[in-house]
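Please read it beside the sequence and the structure.

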Amino acid sequence: MNILLVGHGKMGRLVGELAGHYDCTVAGVIDPASPLHGGGPDDDRWTGVDVAIDFSIPDMVPANLPALARRGISMVVGTTGWARHEAAMRDVIAGAGVGIVVAPNFSTGVVLFEALAAHAAALFAAQNDFGAFLHEAHHAAKKDAPSGTALLLKGAMEQAGFPRPIDLSSTRAGFIPGTHTIGFDGPAETITLTHAARDRTAFARGALTAARWVQGRRGWFTMRDVLGLPSQAGWAGGKPI
């Protein structure tokens with residue numbers, strides 16, 4: 001399978017390094033800041049590309065995605081911070097007849113952690129004495145706060161039926177690996193669940209798994225679809241459907 005790397009920072013380079021393990025060949029790079037930049041999304045050299053994997057910057061997603069989709073290239077997008085353009089991008093994908101997997105975090109562990117967070121929130125929803133909180137910590141160079149993963153977790157907890165405010169906080173310091181903690185606090189006890197990423201390979205491997213899965217599919221998908229998990233609504237009431 002031929003893949004195109006959109007964005008060639010740390011994540012893009014790691015995806016390229018691991019591509020061969022997933023029977024993928026890197027056809028080229030779109031990233032004006034990279035010495036390997038092969039041209040814009042309309043360049044004819046991308047003919048024959050199956051899937052583009054985007055770990056770029058928020059402003060580049062609405063610029064590159066439509067052009068690539070119109071060429072019949074499916075997408076895997078791990079870039080966050082472009083949610084205001086999502087409705088328009090959904091229309092683009094539907095019109096182009098390609099597939100896309102969008103996720104703020106491609107780690108298999110994080111996707112399963114989201115399911116656990118939703119299930120826990122559904123269980124605690126009826127316990128009025130318990131409040132909920134969510135804290136995430138990352139290295140000082142991470143630009144967005146709260147993280148896309150934190151917003152995903154909070155949304156999953158709310159959609160699972162947790163009716164009270166969920167306090168959300170962020171830390172940016174040093175070289176902290178991505179760490180997300182959800183918690184429920186009552187009058188005499190606290191329950192916490194934490195996911196910590198030890199390195200970036202989990203995200204790159206997840207993105208490549210998603211790229212292989214989305215090839216030949218049409219529509220807008222998440223990593224829940226890739227892993228065959230129930231929808232967020234499927235955890236309502238504390239029981240998975």
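## Aromatic pairs

In this predicted model, the count of aromatic pairs comes to six, where rings pair if their centres lie within 6.5 Å. One of these pairs is formed by Phe124 and Phe184, whose rings are stacked, with 4.4 Å from centre to centre and 10 degrees between the planes. Because Phe124 lies in helix H4 (residues 108-124) and Phe184 in strand E8 (residues 179-185), the pair ties together parts that are 60 residues apart in sequence. Both partners, Phe124 and Phe184, are buried.

A further aromatic pair, that of Trp213 and Phe221, is edge-to-face, with 4.9 Å between the centres and 85 degrees between the planes. Trp213 has a relative accessibility of 19% and therefore counts as buried, the cut-off being under 20%. Phe221 is likewise buried, with a relative accessible area of 15%. The rings of Phe124 and Phe184 also belong to one aromatic cluster, which is formed by Phe124, Phe130, Phe162 and Phe184.

## Charges over rings

Trp213, described above as a partner of Phe221, also has a charged neighbour, since Arg217 lies over the face of Trp213 at 4.0 Å from the ring centre.

## Helix packing

Helix H1 (residues 10-18) packs with helix H6 (residues 201-214) at an angle of about 65 degrees, and the two axes are 9 Å apart. The crossing of H1 and H6 is right-handed. On the H1 side the contact is made by Met11, Leu14, Val15 and Leu18, and these meet Thr201, Phe203, Ala204, Arg205 and Leu208 of H6. Sorted by class, the residues of this contact between H1 and H6 are seven nonpolar, one polar and one charged.

Helix H4, which carries Phe124, packs with H5 at an angle of about 35 degrees, with the axes of the two helices 8 Å apart. The crossing of H4 and H5 is right-handed. From H4, the residues Val110, Phe113, Glu114, Ala117, Ala118 and Ala121 meet Thr149, Leu152, Leu153, Ala156 and Met157 in H5. The contact of H4 with H5 comprises nine nonpolar residues, one polar and one charged.

## Two residues of strand E9

Thr190 lies in strand E9 (residues 190-196), and His195 lies in strand E9 as well. Are these residues buried or exposed, and which residues do they touch? Thr190 counts as partly exposed, at 46% relative accessibility, whereas His195 is buried, with a relative accessible area of 16%.

Leaving aside residues up to four places away in sequence, Thr190 touches Phe133, Phe184 and Asp185, and one of these, Phe184, is the stacked partner of Phe124. With the same exclusion of residues up to four places away, His195 touches Ser107, Gly109, Val110, Phe113, Gly178, Thr179 and His180. Among the residues touched by His195, Val110 and Phe113 are also listed in the contact of H4 with H5.

## The loop between E6 and H5

The loop between strand E6 (131-138) and helix H5 (148-159) holds Pro146, and the peptide bond that leads from Ala145 to Pro146 is cis, with omega near 0 degrees. Most peptide bonds are trans. Ala145 and Thr190 are 45 residues apart in sequence, and their C-alpha atoms are 25 Å apart in space.

Ala140 is also placed in the loop between E6 and H5. Not counting residues up to four places away in sequence, Ala140 touches Arg172, Ala173 and Gly174. Its C-alpha atom is separated by 31 Å from that of Gly20, and Ala140 and Gly20 are 120 residues apart along the chain.

## A positive phi at Asp23

Asp23 has a positive phi of about 55 degrees, although it is not a glycine. Most residues other than glycine have a negative phi. The place of Asp23 is in the loop between H1 and strand E2 (25-30), and at 59% relative accessibility Asp23 counts as exposed.

Note on methods:
Residues are numbered from 1 along each chain as its sequence is written. This is a predicted model: local features need pLDDT of at least 70, side-chain atom pairs count only at pLDDT 80 or more; totals for chains, interfaces and linings use all residues. Side-chain values use heavy atoms; hydrogens and water are left out. Axes are lines fitted to C-alpha atoms, for helices over the stretch in contact, and angles run from 0 to 180 degrees between N-to-C directions. Helices (H or I, at least four residues) and strands (E, at least two) are DSSP runs, numbered from the N terminus. A crossing is left-handed if the near helix is turned anticlockwise from the far one by less than a right angle, and right-handed if clockwise. Contact means heavy atoms within 4.5 Å. Ala, Val, Leu, Ile, Met, Phe, Trp, Tyr, Cys and Pro count as nonpolar, Asp, Glu, Lys and Arg as charged, and the others, Gly among them, as polar. Rings of Phe, Tyr and Trp (its six-membered ring) pair if their centres lie within 6.5 Å; planes under 30 degrees apart count as stacked, over 60 as edge-to-face and the rest as tilted. Buried means under 20% relative accessible area, exposed over 50%, partly exposed in between (1.4 Å probe, protein chains only). A charge sits over a ring if NZ of Lys or CZ of Arg is within 6 Å of the ring centre and within 35 degrees of the ring normal.
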